[in-house]
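My notes follow the order in which I looked.

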Amino acid sequence: MTRRAARVLMVEDTLSIARMTEAFLTQAGYEVDHVETGRGCLAALESDLPDAVLLDVRLPDISGLEVLAHIRRAELPVVVIVATAYGSIGMAVEAMQAGADDFLVKPFNADRLKVTLANALERFSLKTQVQTLKEDFGRATFHGFIGSSLAMQSVYRIVQAAGPTGATVFVTGESGTGKELAAEALHRQSKRANGPFVAINCGAIPHGLMESEIFGHVKGAFTGAVAARDGAARRADGGTLFLDEICEMEPALQTKLLRFLQTGTYMRVGGEVLEKVDARIVCATNRDPLKEVEEGRFREDLYYRLHVIPLHLPALRERDGDVLEIARSLLARFSAQEGKAFEGFTPEAEDLLLRYPWPGNVRQLQNVVLNAVVLNDGPLVAAEMLPPPVNSRGSLPGQVNRATLPPLRAVDNGGAGARSEAGTEAIKPLWQVERDAIEAAITAFDGNIPRAAAALGISASTIYRKKAAWEAGETEAVGA
Ligand SMILES: Nc1ncnc2c1ncn2[C@@H]1O[C@H](COP(=O)(O)OP(=O)(O)OP(=O)(O)O)[C@@H](O)[C@H]1O
Ligand SMILES: [Mg+2]
């Protein structure tokens with residue numbers, strides 16, 4: 001996975017483990033130095049800096065955590081992976097908080113070691129590039145994205161830096177935040193930009209057909225397979241394969257995908273020969289992937305394979321004034337499309353747009369603006385032209401209520417001193433605002449969840465999932 005032989009300093013006092021680990025690493029093409037103590041490690045770091053340190057926590061002299069603290073205090077540009085004993089996951093968490101790049105639980109196998117190390121090195125080199133890109137960013141648009149917020153600048157930088165590397169990118173974010181747009185941007189920013197971009201939605205295709213969708217089938221593989229057919233993997237050869245809603249993939253297929261990622265080869269359904277393709281993988285989910293792993297729905301080893309570069313898309317409500325930038329641009333686009341003469345929003349309408357929590361994010365904003373354009377005439381979109389629940393005026397039970405909202409503009413930029421003491425009491429936790437908005441929409445549509453979901457610009461399954469989470473007593477504004 002790495003392009004040149006990276007150097008690893010292994011700190012391990014148990015000789016049998018050291019020998020085996022060294023063998024794994026050399027076999028994977030790394031150069032390895034070995035020390036047995038914490039002090040030995042510090043001395044080695046002074047003389048010559050490796051690319052990565054593989055650090056055992058329990059050492060005979062000083063603890064691995066102290067060595068880690070020293071490395072981070074001195075700001076040494078080196079990847080640190082901490083190895084902890086089985087059953088001491090608490091130690092691993094402590095190490096991560098202290099600045100470790102990743103951790104391994106002993107005993108680990110060659111594959112897990114290689115993947116963890118390669119991913120950490122990849123992320124590290126990306127971080128360095130992102131740092132150097134910082135100056136020339138301050139963009140309002142980027143590959144189809146609109147928005148100059150700080151939160152989006154870091155998305156643009158990661159896409160800019162990660163695009164050309166060919167590394168696997170794991171995109172997360174609530175529904176409608178632009179995950180697919182990000183995948184396309186990564187493709188266009190890559191050396192494969194002239195190759196195909198093939199998107200496949202693992203949540204939309206029935207489980208029984210999914211394997212053939214990805215890997216294709218041979219003639220006669222199943223009833224109805226009257227001719228051989230290429231799958232998405234083959235069609236993405238030389239380009240990018242976007243696996244959307246990856247957490248919806250069933251376990252048996254996860255195993256086959258893992259094999260494909262490990263070897264670059266696969267077999268068609270009903271086929272007997274291995275086929276090879278060269279495709280860059282980008283995947284996305286609106287779930288919390290680690291939670292899926294913890295709860296046993298998503299294979300841990302697949303997660304590690306895919307989670308090379310994480311890219312999180314912030315919710316629209318976390319993007320300062322982006323909502324207005326996007327709304328104005330959409331208004332111009334839809335207005336032209338529909339032959340209307342809209343020029344902008346009234347200040348009241350803009351305030352509503354800024355205050356609304358947008359559980360369906362940009363997609364919901366698109367629906368709201370389109371709705372206003374289609375049903376009204378310009379030149380300005382007024383507050384009452386915005387469809388519910390954005391313009392609800394507190395009439396629906398549990399809905400975001402104008403009367404209880406803090407003073408105007410206090411929400412969009414973190415307040416900046418504009419918020420009164422009395423106003424702050426009315427601010428609710430984000431999950432509550434989101435829950436209120438969803439429940440109000442369900443009430444408005446007489447309990448018809450699919451229609452409520454459509455109005456909110458999110459999928460019905462998102463609402464079902466959130467309802468289940470609330471019933472289980474979870475109160476975070478989790479990914480939609
Ligand atoms: N920052 C943005 N500026 C302008 N348009 C955007 C932005 N982000 C997303 N969009 C548009 O919003 C729509 C939804 O985006 P996209 O399909 O990429 O979201 P998603 O995160 O994949 O959603 P889901 O989880 O529901 O699949 C698309 O039409 C996309 O072009
Ligand atoms: Mg999507």
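Axes are lines fitted to C-alpha atoms, for helices over the stretch in contact, and angles run from 0 to 180 degrees between N-to-C directions. Helices (H or I, at least four residues) and strands (E, at least two) are DSSP runs, numbered from the N terminus.

I noted that this is a predicted model, in which local features need pLDDT of at least 70 and side-chain atom pairs count only at pLDDT 80 or more, while totals for chains, interfaces and linings use all residues. Residues are numbered from 1 along each chain as its sequence is written, chains are lettered from A and ligands numbered from 1 in the order in which they are written, and side-chain values use heavy atoms, with hydrogens and water left out.

**Entry 1: the chain as a whole**

I looked up the secondary structure and found 19 helices and 16 strands in the chain. Of its 480 residues, 48% count as buried, where buried means under 20% relative accessible area, exposed over 50% and partly exposed in between, with a 1.4 Å probe and protein chains only. Taking contact as heavy atoms within 4.5 Å, I found that residues 24 or more positions apart account for 69% of the contacts with a separation of 6 or more.

**Entry 2: the sheet with β1**

In what order do the five strands of the open sheet that contains β1 lie? I read the order as β2-β1-β3-β4-β5, with parallel pairing; two strands pair if DSSP finds at least two bridges between them. The edge strands are β2 (31-35) and β5 (102-106), each of which pairs on one side only, and the twist averages 20° from one strand to the next.

Helix α1 (residues 15-27) lies across β1, β2, β3 and β5 and runs at about 165° to β2. Helix α2 (residues 38-47) also packs on the sheet, where α2 touches β1, β2 and β3 and makes about 160° with the direction of β1.

At the other end of the order I checked β4 (residues 79-85), which pairs with β5 in the parallel sense over five bridges, Ala83 having Leu104 in β5 as its bridge partner. In a regular strand the side chains alternate between the two faces of the sheet. For β5 I listed Asp102, Leu104 and Lys106 on the covered face, and Phe103 and Val105 on the uncovered one.

**Entry 3: the sheet with β8**

Five strands form an open sheet in the order β9-β10-β13-β8-β14, and the pairing is parallel. The edges are β9 (197-201) and β14 (309-312), each with a single partner strand, so one side of each has no neighbour in the sheet. The twist averages 20° from one strand to the next. I found β8 (residues 169-172) and β13 (residues 280-285) paired in the parallel sense over four bridges, with Val282 in β13 as the bridge partner of Val169. Helix α6 (residues 150-162) packs on this sheet, touching β8, β13 and β14, and its direction makes about 150° with that of β14.

**Entry 4: helix pairs**

The axes of α8 (residues 207-215) and α10 (residues 251-263) come within 11 Å and cross at roughly 15°, and α8 and α10 are therefore roughly parallel to each other. In this contact Met210, Glu211, Ile214 and Phe215 of α8 meet Leu253, Lys256, Leu257 and Phe260 of α10. By class I read six nonpolar, no polar and two charged residues, with Ala, Val, Leu, Ile, Met, Phe, Trp, Tyr, Cys and Pro counted as nonpolar, Asp, Glu, Lys and Arg as charged, and the others, Gly among them, as polar.

I turned next to α2 and α3 (residues 64-73), whose axes come within 9 Å and cross at roughly 20°, which makes α2 roughly parallel to α3. Gly38, Cys41, Leu42 and Leu45 of α2 make the contact with Val67, His70 and Ile71 of α3, and these residues divide into five nonpolar, two polar and no charged.

Last, I looked up α13 (residues 322-337) and α14 (residues 347-355), whose axes come within 9 Å and cross at roughly 125°; α13 and α14 are therefore oblique to each other. Val323, Leu324, Ala327 and Arg328 of α13 meet Glu350, Leu353 and Leu354 of α14, a contact of five nonpolar, no polar and two charged residues.

Conventions: Angles under 35 degrees count as roughly parallel, over 145 as roughly antiparallel, 65 to 115 as roughly perpendicular and the rest as oblique.
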